[in-house]
Amino acid sequence: MISSNPSDNSERLRILNPHQSFIVQAPAGSGKTELLIQRFLLLLSQVSAPEEILAITFTKKAANEMRVRIMRSLKECAQINNATTKQLVAQVLQKDSQEHWHLLDNPNRLRIQTIDSLNSYLTRQLPVLSHLGHPPTIADNPLFLYQEAIQEILNHLEENLAWSEAVGQLLLHLDNNPAKLQRLLVDLLAKRDQWLLYIMTNNSEDQLRHVLEQQLTLVIVETLHLLREQFPKQQAAELVALVRIAASNIKSLSPESPLALCENLNALPGITVADKHLWLGISELLLTKNFAWRKRLDKNIGFPSISLAKNPNEKLYLSDLRQRMLALIEQLSKHEEIRQLFAEISFLPDATLQQGQWQILKALTQVLKILVAQLRLIFQRHGQIDYIENAQAALFSLGNEETPTDLALTLDYQIRHILVDEFQDTAYSQYRLLEKLTAGWQPDDGRTLFVVGDPMQSIYRFREAEVGLFIRACKKGIGNVPLQPLSLSVNFRSTPRIVSWVNQHFQRIFPTFNDVATGAVCYHASIANQAISHTQETHENAIQLSLLATPAENAQAQIIAQQITAIKQRCPNDTIAILVRSRTHLEHIIPALKAANLTYRAIDIDPLSERQIIQDLHSLTRALLHPADRLAWLAILRAPWCGLDLLDLWNIAHHGADTIIYDQLCKDNILEKLSSSGKQRLMRVLPLLQKQMAERRRVRLRDWIENTWILLGGPACLYHATDLEDAAAYFKLLDMLDKGSDIINLNKLDEDINSLFAGFDSHANDSLQIMTIHGAKGLEFDHVILPHLERRVPADNKTLLAWMERPLTYDESAFLLAPIQATGDKKEAIYEYIKRQQTIKMDYETARLLYVAITRAKKQVFLLAQINKNNKGEIAAPANNTFLEKLWPTIEKNTVNTSIPAAISCAQQEQQRNKITLQRLTLQWQNPIKDLENTTSTYHQQPGISLTNHDAQYIGTVTHAILQQLAQLGPTWWQAQATENYYHYIQQHLIQLGMSPSNLPHAINSVYKAIKNTLEDARGQWILAAHTQSQSEFSITAVFAGQIKSLIIDRTFIDKQGVRWIIDYKTALPLYKNLEQFLAEEQEKYDQQMCDYHHAIKLMSNDSTIRVGLYFPMIPAWKEWEILSKPDRLAAPSP
């Protein structure tokens, strides 16, 4: 329950000022979405038209949620509990009535968009000016486009073009490794929005060099300015005096030392490039080589040993100097930001580019300009662009501050208020878009900017999110718009114990200061909502940490399965989430859940590319498309449908690396070289392969591959029903790649296969979910399990070009650019400085990622980690950049229980790992398909163009899935939920299927009505009740006249009278027909389908009486009949 008067209510009420622009820091669980909705409703009641308000989110999910919640508030005003929201809704409804907006009928008048959809909207308004013309499609996986552009450039390398020498210079720089150059260029194109502006706008070489060196100067000056500004004024004079003495003492010993240059220092050094060496001298005095505060002083830093004193006065003097210096360091050690700034200036590069470095940089920029131009030609060729090109075109379509386009002027007139969600994850290109949209705004002109976010939850650095922009916006505003900072503190999500634990630990984990440049964010403590009911505070151990000293790799997985089982028994209605930093951390967890019969929901978690069925189909595709692909042909001969032994494969392939496997198979004497079983296996599959090779380019690619797979016996090699769904996903991918022939881009095929993930289990509900921490952002669960705290993600690979756009405190930003050092050469200072800055940012983000994971929990958090022990049996410190490393200083190790429940031993684990057998069809297996000529694809697409609205299909799919759950779990599974949970559950499933947000309200109501009708209808209750031999979504595969056909029966069972019922759900409505006529027409339409079901079941069972029926949950209505005809085309089915 959320308190109506939280302790930070005064801050929340300030947003009700419609004339003020705000930037709001809203920590985890603080009700950020409700705040945004209140602001949106407030502005709606003030504007002349809804289109004057623009709300920008970064994900479709956030945009959909915001739109749905606003529309639900308008529809259900009387049911709103929050008094402020209720009052605002009433005002909007009154305004809606006065202005005749009809928002309930026209929800699309609410301009709630993702940043990508906003970019697309802008480019569509001015297609010529944006350089895109007719709007192209946006490629979700544009890697193949990048590769094609790079290959086009490399293909012309020896044609003596203007840029050929530059490419040759880059190849020489990389030890003549074209594959490495291509890989590094792909990485650059995928992030070109970050460097493109600086390279393309400086046409001359001299101009570019001057700009880059000027940027280096800005970074140096900014760093020195921050150090001088933040250095404690009360210690400045003492520092200068001691530095001068130390410099005088060291001058004779080490005249080249930076400290020796400080002999004549009279005040803190300045902030020019020339002053950097003086600051380095001070750093040498204060810090060790590892950049820790000094704890001991010696002659090497200007403090001679006291034992060398010649008399008591000198001894007293030297002792006093040491005490003064150590006291000064003790005082300065309280300022962590000072230590880090001193460390940073030690890595600052010079403000000028070395000649060799500039030559490589010049060649690289020349190649990149040509490459970007070539990429745009590739975009035109394919009619596709990437999101970067879309964003760049949107920026271009708005012009600049001096010469805005007509579109910019129009938007300036139309848009009066902008709201931005998740502002902490803004990238520079998105920030510039906001600046352009608000460029014409003037103080007190009635227009407002409202940005909300939480810098403690900025975790999208891999998408170039720059949390420093949030810090700077709090101080300086955005563009011409000053922002009033607000900070929320009440956590409505988590129990007081969790909030207290998070406050206690993250105060020490987070840095103690904010820094625009490195993205350091200090911790902002939360307050638990006092209105949380005491029944929620039931877990004494709200945070449970398990450190496991066992070497068994699956120990954490076993414990997690046990914990989940216990939670489900104790709290069956609670939600549980397993959150991981990387999908690879689920290697043992998913098998353990399956072994424990725990169903789970996982979206984009389980990659299909690792499944055997996909690997076999991929090999089959490559082999048929490219007969010379040796690896692919060996793979399909080893696959389960053939299953040749390794010795047989060697006899086929050992004739030389250039030998074509398919040619070897076609030789007359090939069988003589094989074993007896090998001969039988090859004799079965070779004629099929030869026949299918002859079909090349005669049929659609998808049909060709799928038919071949069926003829080889691929479906008989599957073990689980989900394998067939995986195969269908692969065939659908081939459909998407098919260009009218069998010629496809294999690089794109490989790329897209890596983007395929297993679909969600239709038997699973939302009570147990598995996702990455990034995927869990914005969600909440009763229990959160966070395994493998000890693991880290792989470090970023070195790029051909390192760059960094650094936000400056009092200016826009500085941009640094440096090429990778030549193979075998020493490190480049600018390159290494940039990489160091990125490492610091990643380290800070690791702490924020841990914070996001733990704050998803409402009741309980389980933390698990594997620990190592040294030779003495002591616990070893964890690896760098891991969650465990962040928690390590705060863990009370003497209270940690390192014992674990029984888990699989190492020996058992090794035995299981080595227990790998060749899976293949038996020699006696026969394919039920005999007539090759009449075989058609199981998933064959009918020709013709169809512009179909899939909403009815989506409604039917979700309705079927819920009815299946009701049949398996019973009606209490549904009836125990609150109304909002129904709607959320249905909405989530519809969104996953791809339903348009504007159609969601109607679809949700339709599904809800169908389920409600079924549970209240006597016939519906009978259908869902427990019966003998009951099955839901029962799958049968049968062969009809030589064609494979997959049948799925919605519901079948035997009633008390011994009658077998076959029931199909239909979500159609009679519309303008009377009910009897409608039911008669539906029976006629589905008679053949029910006939197939009837006889498939008849051949499988001994049921004497079988009846069929159609159930219409939308009405509700029922139609039953007996099947009298008997098909003559049915072969024996298999379940």
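This is a predicted model: local features need pLDDT of at least 70, side-chain atom pairs count only at pLDDT 80 or more; totals for chains, interfaces and linings use all residues.
The model contains an open sheet built from 6 strands. Their order is β3-β2-β6-β7-β1-β8, and the pairing is parallel. From one strand to the next, the twist averages 15°. Within the sheet, β6 (residues 417–420) and β7 (residues 448–453) are joined in the parallel sense over 4 bridges. In this pairing, His-417 has Thr-448 of β7 as its bridge partner.

Helix α2 (residues 32–44) packs on this sheet, where it touches β1 (22–25), β2 (53–57), β3, β6 and β7. The direction of α2 makes about 170° with that of β7. Helix α3 (residues 60–75) likewise packs on the sheet, touching β2 and β3. For α3, the angle is about 165° with the direction of β3.

The largest nonpolar core comprises 98 residues, of which Leu-286 and Phe-342 touch the most other members. Helix α15 (residues 355–382) supplies the largest share of this core, with 12 residues. When neighbours within four places in sequence are set aside, the contacts of Phe-342 are Leu-227, Phe-231, Trp-279, Ile-282, Ser-283, Leu-286 and Leu-287. Another core, of 52 residues, lies apart from the largest one. Its members include Ile-614, Leu-625, Ala-639 and Tyr-730.

Helix α32 (residues 829–854) was examined for its span and its burial. At 1.5 Å a residue, its 26 residues should span 38 Å, and this agrees with the end C-alpha atoms, which are 38 Å apart. The helix is mostly covered, as 21 of its 26 residues are buried.

The cysteines were considered last. With a disulfide taken as a pair of cysteine sulfur atoms within 2.5 Å, the count comes to 0 disulfides. Cys-666, by contrast, has a relative accessible area of 35%, and so is partly exposed.

Terms used
Residues are numbered from 1 along each chain as its sequence is written. Side-chain values use heavy atoms; hydrogens and water are left out. A nonpolar core is a set of buried Ala, Val, Leu, Ile, Met, Phe, Trp, Tyr and Cys residues joined through side-chain atoms within 4.5 Å. Buried means under 20% relative accessible area, exposed over 50%, partly exposed in between (1.4 Å probe, protein chains only). Helices (H or I, at least four residues) and strands (E, at least two) are DSSP runs, numbered from the N terminus. Contact means heavy atoms within 4.5 Å. Two strands pair if DSSP finds at least two bridges between them. Axes are lines fitted to C-alpha atoms, for helices over the stretch in contact, and angles run from 0 to 180 degrees between N-to-C directions. The expected span of a helix is 1.5 Å times one less than its number of residues.
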